[in-house]
Amino acid sequence: MSSHAPTSPSEALAGLWRLLGQPEAALSRVTLTGSEPALPSSFAVGTAAQASIAASALAAAELDRLRTGREQSVSVDMRHAAVEFRSERYLRVEGGPAPELWDSIAGTYRCGDGRWVRLHTNFPHHRAGVLALLGCAGERAAVAEALKSWKAQDFEQKAAEARLVVTAMRSFAEWDAHPQGQAVAALPVMSLEKIGEAEPLSLPPGERPLSGVRVLDLTRIIAGPVGGRTLAAHGADVLLVTAPHLPSVAPLVIDTGRGKRTAQLDLRAAADKERFAALLQDAHVLVQGYRPGGIEALGFGPAQAAAIRPGIIYVTLSAYGHEGPWAGRRGFDSLVQTASGLNVAEAEAAGIDGPKPLPAQALDHASGYLMAYGAMAALARQIQEGGSWHVRVSLAQTGRWLRGLGRIEGGFSAADPGQAEIADLLEDSESGFGRLTAVRHAGLLSETPPRWERPSMPLGSHKAVWED
């Protein structure tokens, strides 16, 4: 394990805050409670949770100060933040477990060269593609046998060429020597840049930090949806736009759908594309997490969106960042953990052979809060000086940031909190799926406590229109 002392949560927060040029004085209004280890890990997962959630909460308070003049205090407890980083694990529907998250053949396998790969097969087309490449039946034993005739990195490459999601497991040293690891190392954890001229958008006075702010949410799975859920917690009108032909993962739809409306449009169809452009003309924020180039090809990339809606805040999530040979690759949290050395380092610290994942989808959740933070920081800039703005976040950059927070000696001694231990952090709500029990938001504001005003609903439950 590395020798440098772990970064304190307040230092981690200050680093994020200064990176986007936010006002220094705001940091004095934050209280961070609790300490590591918050979850069983050699990495500072609790610190990452607390700092990323605090950045989003402080950005909400700062936006509120700009709009109303009131100064709110912000507080985030590390235990609560770490539990919220696993919100999908604690979701219950009608008192019973949520639908299964993982496909039966997803996970890690040892290849013929003794090295490991991780397969992500939660989407039917990814599962079918992997099985076609392996030429085997869709059972774990058959997949394990078929992979014995492959080298791990050869299979990773072939899968990438077939647009599937598979990564070979690497150590930190191997990732740091890899061209993509080097590209990520040269980037900050996130970025905010002006991409066009526009007048400042006037926001009507509202009771909450994001009252009257309209957000188009084009995201799936965890990271992007958590970003949208966070904006909704502070009062934004978040409209999740999905397409009928795209796969989804049921428990994640339920958990991250709190506070949002949900409409379906197929952006390949002319009428739906026109409908979406009309929505965009009245939006303040567009958040998207599709594979790099995917939304551009449909006519709604950052520059295109800024032309349709001058003043837009455009937030992009990618797996591996916008530089380097893997910039166009699809990916998910578990795969980025595997590729970038986190699974090896965690396993070594725990003294086990083979991959050991982090105790949460920490890259996903941290990236989601960073997306929300970036969106609100950009909105503050927009209100003050105008312009169209582009926020970029990636799972690999977030992973690099987590790694840079340092390691926790004796971190595996932390308890792994089960449902009973975190009952004080849960709330019940009605939804379109039945009665939900889910984790409350950890980013607390003194005057406008976060809350979700709209129930989680099945995809496509609403019309593709803004509410007045």
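How many cavities of 30 Å³ or more does the structure hold?

## Cavities

The structure holds 5 cavities of 30 Å³ or more, where a cavity is a set of points, on a 1 Å grid over the protein atoms alone, at which a 1.4 Å probe fits but cannot get out. The model is a predicted one, in which local features need pLDDT of at least 70 and side-chain atom pairs count only at pLDDT 80 or more, while totals for chains, interfaces and linings use all residues. Residues are numbered from 1 along each chain as its sequence is written, and side-chain values use heavy atoms, with hydrogens and water left out.

The largest cavity has a volume of about 120 Å³, a volume being the space filled by probe spheres set on the grid points. The largest share of the lining, 3 residues, comes from α11. The second largest cavity holds about 90 Å³ of space, and its lining includes W102, H120, I221 and D364.

## Two helices in contact

The axes of helix α2 (residues 45-68) and helix α17 (residues 362-385) come within 9 Å and cross at roughly 20°; helices are DSSP runs (H or I, at least four residues), and axes are lines fitted to C-alpha atoms over the stretch in contact. The crossing angle therefore makes α2 roughly parallel to α17, a term for angles under 35 degrees. The contact (heavy atoms within 4.5 Å) involves residues including I53 and L63 of α2, and Y369 and M376 of α17.

Definitions and conventions
Axes fitted to C-alpha atoms, helices over the stretch in contact; angles between N-to-C directions. Parallel < 35°, antiparallel > 145°, perpendicular 65-115°, else oblique. 1 Å grid on protein atoms, 1.4 Å probe; cavity = no way out; pocket = protein on both sides within 12 Å on 5 of 7 lines; lining within 4 Å.
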